[in-house]
Amino acid sequence: MYNSSITGLGYYVPDNIITNNDLTQWMDTNDEWIQERTGIKERRWIDPKTDDTTSSMGAKAAKIAIERAGLTKDDIDFIIFATLSPDMYFPGGGVRVQDMLGMPTIGALDIRNQCSGFIYALSVADQFIKTGMYKNILVIGSENHSGGLDRSTRGRGVTVIFGDGAGAAVLSRSEEEGKGILSSHLHAEGKHANELALAGPSTGRWIPEIMEANDPEDISYFPYMNGQFVFKHAVVRFSEAIVEGLKANNLEKEDIDMLIPHQANLRIAQFIQKKFGLADDKVYNNIQKYGNTTAASVIIALTEAWEEGKINRGDLVVLAAFGSGFTWGSVVLRW
Ligand code: ACO
């Protein structure tokens with residue numbers, strides 16, 4: 001068995017900044033409500049005049065990660081792409097990134113696990129590397145939320161939260177004992193699938209059916225979220241996932257050097273920070289700038305924390321996420 005460690009990190013966010021005040025041109029909301037309930041000050045939304053898409057943002061982040069790993073595109077053996085907002089209903093984003101980066105006929109896999117997508121993707125990549133099947137895997141999380149949000153007041157409880165962006169990591173085979181991914185822990189509870197979902201278009205609700213019904217009340221093509229229900233489950237599951245990761249490695253909460261929580265809501269992250277008694281410099285948050293970028297959130301935050309020198313060799317880093325599905329999980333790494 002081999003070990004796997006992150007050798008390259010990169011992220012890309014669109015230039016177009018949408019502040020909380022900017023949102024008031026579309027809906028009845030205000031900066032105070034958004035900041036107080038979520039911590040978000042602004043987010044990036046793709047400018048439709050640009051050629052940014054879920055896949056192209058993923059490819060831009062991937063290029064940076066590959067370069068920082070000291071590799072070229074030809075060294076990558078496999079692609080794992082996590083998103084809930086693919087460019088097309090099918091095929092997924094992995095094959096599109098492969099084409100955009102001019103990669104050979106390596107395999108490409110898409111992960112559909114929303115906010116936990118990057119955690120799932122990293123865990124799958126880790127298994128492929130541990131067994132010796134691949135040496136270098138490109139793991140991407142990318143989202144284009146802005147194209148599919150309800151910008152009217154009706155959608156404000158969901159729309160103000162989400163932002164666009166992408167992050168990527170190269171996970172590589174390592175012979176160094178005790179370094180890299182120590183363990184990953186994945187969970188799901190499908191009975192709550194409808195509490196945070198986008199129901200149509202889908203095979204249960206095809207576009208011709210929606211068009212034929214021509215029902216102005218039908219908003220099944222916008223995301224639905226039972227916010228308070230999701231919040232209550234999130235704080236419990238985040239904690240469980242972190243505890244599980246620590247226990248699996250005989251570690252204590254005091255051993256955590258950096259916790260990167262999925263950026264769903266600053267209040268959730270602060271609750272977790274307090275519960276685990278972590279100092280401010282041991283939890284990284286950037287939801288203030290980017291909102292919730294779902295599958296991209298953990299990897300963008302990890303990349304920024306690393307770029308800012310907040311993660312150093314030997315540090316114990318814990319990644320944790322919770323989201324639609326419900327799905328949740330954690331990854332414990334020794335940097
Ligand atoms: N601006 C102003 N008022 C608003 C807005 C807004 N943008 N949105 C909602 N309100 C109003 C509501 O209409 C409601 O008014 P009322 O009391 O008159 O009916 C009031 O504010 C309270 O609304 P709630 O929805 O109860 O607000 P809450 O405090 O629960 O905050 C939030 C909402 C921020 C969505 C919170 O519930 C949350 O963060 N939930 C968890 C999100 C999460 O973790 N998601 C998982 C990841 S996402 C993924 O997997 C895709």
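This is a predicted model: local features need pLDDT of at least 70, side-chain atom pairs count only at pLDDT 80 or more; totals for chains, interfaces and linings use all residues.
**Exercise 1. Find how the length of helix α5 compares with the expected span, and decide whether α5 is enclosed or open.**

Step 1. Helix α5 covers residues 117-130, which is 14 residues.
Step 2. At 1.5 Å a residue, the expected span is 20 Å. From the first C-alpha of α5 to the last, the model gives 20 Å, close to that expectation.
Step 3. Buried means under 20% relative accessible area.
Step 4. Because eleven of the 14 residues are buried, α5 is largely enclosed by the rest of the structure.
Step 5. Past the end of the helix, G132 has a positive phi of about 90°.

**Exercise 2. Locate W206, classify its exposure, and state which surface patch it belongs to.**

Step 1. W206 sits in the loop that runs between β9 (196-197) and α7 (207-213).
Step 2. Its relative accessibility is 43%, so W206 counts as partly exposed. The class applies between the 20% and 50% cut-offs.
Step 3. Together with Y89 and F90, W206 makes up a nonpolar surface patch. The accessible area of these residues together is about 420 Å².

**Exercise 3. Determine whether S220 is buried or exposed, and list what it touches.**

Step 1. S220 is found in the loop between α7 and β10 (224-225).
Step 2. With a relative accessibility of 16%, S220 counts as buried.
Step 3. Leaving aside residues up to four places away in sequence, S220 touches L198, A199, G200, R205 and I210.

Terms used:
Residues are numbered from 1 along each chain as its sequence is written. Side-chain values use heavy atoms; hydrogens and water are left out. Helices (H or I, at least four residues) and strands (E, at least two) are DSSP runs, numbered from the N terminus. The expected span of a helix is 1.5 Å times one less than its number of residues. Buried means under 20% relative accessible area, exposed over 50%, partly exposed in between (1.4 Å probe, protein chains only). Patches are made of residues with over 30% relative accessible area and no salt bridge: like charges are joined within 9 Å, nonpolar side chains (Val, Leu, Ile, Met, Phe, Trp, Tyr) within 5 Å. Accessible areas come from the Shrake-Rupley method with a 1.4 Å probe; for residues, only the protein chains shown count as cover. A salt bridge is a side-chain nitrogen of Lys or Arg within 4 Å of a carboxyl oxygen of Asp or Glu. Contact means heavy atoms within 4.5 Å.
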